[in-house]
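Look at the two chains shown below.

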Amino acid sequence: MSATPGDNRLNLCIQCGSCGGSCPSGAEMDHTPRRLFALIRADAREAVLRSNAPWYCVSCYYCTVRCPQEIHITDVMYTLKSMAIKAGLFHDAALPGFSETFVDYVEKYGRSFELGLATRFNLRHHPLSLAGMAPLGLGMLKRGRMDLTPHRIDGMAQLTAILDKAKALEGGLQ
Amino acid sequence: MQRNARPYLDSLLAIREDIDLELQEIEDWNCCGATEYMSVHRVAAHALVGRNLALARDQARDTDLLTAGCSACYLNLAKTDAQMREDAGLKDTVNQALAAGGLEYEPGAMKVRHLLDLVCHDIGYDAVKARVVKPLHGLKVAAYYGCQVVRPDYDSRWDSHEHPTAMDKLLAALGAEPVEWSLKTQCCGGHMSVIGPDVAFGLIRRLIHGAQEAGADLVVTLCPMCQLNLDAYQVEMNKHFHTDYQVPVLYFTQLMGLAFGKKPKDLGIGKEFVDAAPALAKIQAEAPKVAEAKRKRRPKPGDALPMPGME
């Protein structure tokens, strides 16, 4: 939790449930944020990291602005996601799979690449849905709204040096 | 904005002189990481954004304003800047990482603002109104803000986190009629349209249904992700629920362009999935046909009636 910038205020949770009630995907979560915070307090590490809740978080910050205790809930969710990846604990490998595929493209090209991202993610995790996605992809191409090839930034070596250094420093934090 | 939100970029470029907006692109910018990079590498995500902030600082000529049209890009820039200001440890870590690439960034050096914020609060409604030559009278619009521009709102730019009114006022200044609806800052589904489409379809239906029920002819957005989810995925959502919603989704810059008398084609209108032409007919704007409608079967030799040979 120390990787969350600033004071996350998690220990101030009063279990009021404003977060879960405000959450657009709360109904689909195995544990709402409120329950997740109670589990963190109870030190139920594995149950917390295996939860689908951080992955179903859409980063809309509704919970964050409504929380009467001003807990940085969305930021805590990001920390939980990166902890789950490091611990190798998932509810469903497809959930971190999307983030990891996205990160791979950013680290390789410096930009995201939608066509590659969508096909690589779906091939690995939802191969049967690929055919269903085809009309959407073709529609994007036809409207000139998608690239066929990725664009690599000029300062790729610089970006790689920055990210490698940041990751080394990040490792030291935990 | 260069690709999936091309209409956003085209319409912005078409109106920038009308609103005296001088734009300078950050050379060799990198992806902000959206909501994904931070999910994998908690701290390196800030260094990723830090590079853009540092490049902006070094390249900016006579300005300290940094604007983004996308909600996620805007939020990530604002977030890294705000959290580096708040957390000295993070500021130090990000700068150590940036130093590996010969860069550094002093938080607060750039003022990060979303494009809508600049248009509404700096350029102002009166200046916009003064440029209107073709008011959008009779067009009912649902102003949709999505999540990440108005929340968490590190620098208190907006009048409300849940029911903001800036875009409604802008659209009214263009002569359109903003409808009252309660879902203006509800989530478009974000990345769920890819990792959990069933969840996203529910959210998209709620928004599209809400806008239609409020009487809107179209939804107006300020973010490429929201536009993609509500427009392209509206088609997928209809297949999923066996519904037939047809609510077009345009960018606020496209409506500004229409009111300023620009040609719909120059504003990227016609590149949307749900055809905006029927709604725009209300204001006599000739929208180019969407790509699908343009597709014609190539005539085959046997198609035509027998004709006398033309030697």
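B:V220 touches B:V141, B:A142, B:A143, B:Y144, B:M167, B:L171, B:L250, B:F252 and B:L255, leaving out residues up to four places away in sequence. Contact here means that the C-beta atoms, placed from the backbone, lie within 7 Å. The model is predicted: local features need pLDDT of at least 70, side-chain atom pairs count only at pLDDT 80 or more, and totals for chains, interfaces and linings use all residues. Residues are numbered from 1 along each chain as its sequence is written, while chains are lettered from A and ligands numbered from 1 in the order in which they are written.

B:V220 and B:L255 have the most contacts inside the largest nonpolar core, which has 143 residues. Such a core is a set of buried Ala, Val, Leu, Ile, Met, Phe, Trp, Tyr and Cys residues joined through C-beta atoms within 7 Å; buried means that 20 or more other C-beta atoms lie within 10 Å of a residue's own.

In chain A, the axes of α8 (residues 114-125) and α9 (residues 130-142) come within 11 Å and cross at roughly 170°. Therefore α8(A) is roughly antiparallel to α9(A) (angles over 145 degrees count as such).

| Helix | Residues making the contact |
|---|---|
| α8(A) | A:L115, A:A118, A:N122, A:L123 |
| α9(A) | A:L130, A:M133, A:G137 |

Between the chains, 53 residues from chain B meet 55 residues from chain A. On the side of chain B that touches chain A, α5(B) gives the largest share, 5 residues. Helices are DSSP runs (H or I, at least four residues), numbered from the N terminus.

Note on methods. Contact = placed C-beta atoms within 7 Å. Helix = DSSP H or I, 4+ residues; strand = E, 2+ residues; numbered from the N terminus. Buried ≥ 20, exposed ≤ 12 C-beta atoms within 10 Å, placed from the backbone. Axes fitted to C-alpha atoms, helices over the stretch in contact; angles between N-to-C directions. Parallel < 35°, antiparallel > 145°, perpendicular 65-115°, else oblique.
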